[in-house]
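Please keep the model open while reading.

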Amino acid sequence: LHMGKTMKEDLTVVVKYIKQLYPPEFNVFSTYAELYHKHFASQAKKNAESHLEDKDVYLLLSWVHNIYPKDMRKDHVLAEELEKVKLGSLLPSSLSKELEKKYLDNEEATVKNSLSKCLDKEIQRWKEDKEPEKLNGHFQSELLAIFVIQSVYSGQKRANDISAAVGEELSRRLSQELLAFLKSYKDAFEDFKEKSKKFRYYKPILIANINNCWNFRDYVEKNMAEKDENKDSILSTLSDIENSGFDVLLQQLFAQLKPIYKKFTENKWDSSNEIMNEIIKTTSKHLSDFRTLKDPFYHAIVEKIHARLVKEYIVRLLKRKVSLKTPAQQQNLAQCISKNAADLEAFCTSNGSQATWLNSALPKLAEIIRLQDLGAIKIEVATLATTYPDIRKRHLEAFLYIKANLSRGELKSILGYLADSIASTSPGAPLFSNVNVS
């Protein structure tokens, strides 16, 4: 700092007062500048070759890449004259690269170590079985995400302050460290999930960790370059943690719904409105717990529930338990399905589901049951296949068991039409591919 200040002040005096006392051909400013630079560079080289602490490596690199070329040589009084001199860098390129590598290695190790300690503390907090704090009604364990993001971000910022190239290289390394950290976090989360089921605050801790993922996801999507090879893996790891948490949160609800859904076929679809009301009532009880999820995750879990409710209903329709011979019987069942579908859609939508792609599945199936004209049935089947391209012959064949008044030829004709329709459509959101036909 003393050398830099002296050089800057002395060269300013040369420019303002001394230069004009000499003939131009003497290049007096160049002489001064080269001598000062030579001394400064020799001192910098001497320092670079000695044992330096981490902060000294950073400071020296800051001088080489930033302070010396930008703050000093771009000074408004000196810049024009220094441009003519071409002084070069404070350090030889090889030594500068060596110093950069040392800095990058140190910084990477420091961040890696601090992230590991941070995760250990977080795991310790889980073991204390205390209710996580709430922020705006959402459980949170945000110290983890805040600390990790700050460690990565501040490391990147310091490196960028040295130079763009050093910043880019450290960003690449730290994105690798962030991925490694999130994989360890995922393993720890899985371990907690399996071993701590009897904890009093088991579910709130799960929810707090799912909510944590939002902070990481938001940071990664906004700050990591698309070309970063770790970005997709990081987002995928976050999705794994989120979905793993959702699965546990939904286990109890889905277990309670299973016997209720069985009632549809056990009762031959009589009392279907009462059964649907029971499904909605049971589901509703669980939704209040899920409100402590951050909004994007609450919507995601409600959409998972919406998809499951529709899928389970389809599963019951494909069980080959009901075979109706008359159009009147089919008309009655179609009306029941339409009413159930409307109630289901109203319930899911009012609770925040944005999965509108699910809403036409049951009404379309109801319409196929209701229709009696072969051509009209084929058109409805084609529309169904366009909306849900993962429907297969086995699904439709099991479903058409309900329409006992179809001849074998008519059935074959409809199934053939489905195959033609599917061939010309691209894959959409999966619904039927999750339905096994027994």
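Buried means under 20% relative accessible area, exposed means over 50%, and partly exposed lies in between, using a 1.4 Å probe and protein chains only. The model is predicted, so local features need pLDDT of at least 70 and side-chain atom pairs count only at pLDDT 80 or more, while totals for chains, interfaces and linings use all residues. Residues are numbered from 1 along each chain as its sequence is written, and side-chain values use heavy atoms, with hydrogens and water left out. Helices (H or I, at least four residues) and strands (E, at least two) are DSSP runs, numbered from the N terminus.

**Packing of H1 and H2**

- Helix H1 (residues 2-18) packs with helix H2 (residues 28-48) at an angle of about 175 degrees, and their axes are 10 Å apart. Axes here are lines fitted to C-alpha atoms, for helices over the stretch in contact, and angles run from 0 to 180 degrees between N-to-C directions.
- H1 and H2 are therefore roughly antiparallel to each other; angles over 145 degrees count as roughly antiparallel, under 35 as roughly parallel, 65 to 115 as roughly perpendicular and the rest as oblique.
- On the H1 side, the contact is made by Met3, Gly4, Met7, Asp10, Leu11, Val14, Val15 and Ile18. On the H2 side, Phe29, Tyr32, Ala33, Tyr36, His37, His39, Phe40 and Gln43 take part. Contact means heavy atoms within 4.5 Å.
- By class, the contact of H1 with H2 has 11 nonpolar, 4 polar and 1 charged residues. Ala, Val, Leu, Ile, Met, Phe, Trp, Tyr, Cys and Pro count as nonpolar, Asp, Glu, Lys and Arg as charged, and the others, Gly among them, as polar.

**Helix H3**

- Helix H3 (residues 54-72) has a kink of about 50 degrees, centred on Trp63. The bend at a residue is the angle between axes fitted to the seven residues ending there and the seven starting there.
- Trp63 is one of the buried residues of H3, which also include Val57, Leu60, Leu61, Ser62, Val64, Asn66, Tyr68 and Met72.

**Salt bridges**

- The structure holds 27 salt bridges, each being a side-chain nitrogen of Lys or Arg within 4 Å of a carboxyl oxygen of Asp or Glu.
- Lys86 and Glu83 meet through their side chains in a salt bridge (3.8 Å, N to O). Lys86 counts as exposed at 62% relative accessibility, and Glu83 counts as partly exposed at 47%.
- Glu190 forms a salt bridge with Lys193, with the closest N and O atoms 3.1 Å apart. Both residues lie in helix H7 (residues 164-195), 3 residues apart, about one turn of the helix. Glu190 is partly exposed at 26% relative accessible area, whereas Lys193 is buried at 7%.
- Lys231 pairs with Glu226 in a salt bridge, the closest N and O atoms being 2.8 Å apart. Lys231 is buried, with a relative accessible area of 4%, while Glu226 counts as exposed at 67%.
- A network of salt bridges links Lys101, Asp105, Glu108, Glu169, Arg172 and Arg173.

**Positive phi values**

- Asn136 has phi near 55 degrees, a positive value in a residue other than glycine. Asn136 lies in the loop between strand E1 (133-135) and strand E2 (138-140) and is exposed, with a relative accessible area of 69%.
- Arg320, also not a glycine, has a positive phi near 55 degrees. Arg320 lies in the loop between helix H11 (295-317) and helix H12 (327-350) and counts as partly exposed at 35% relative accessibility.
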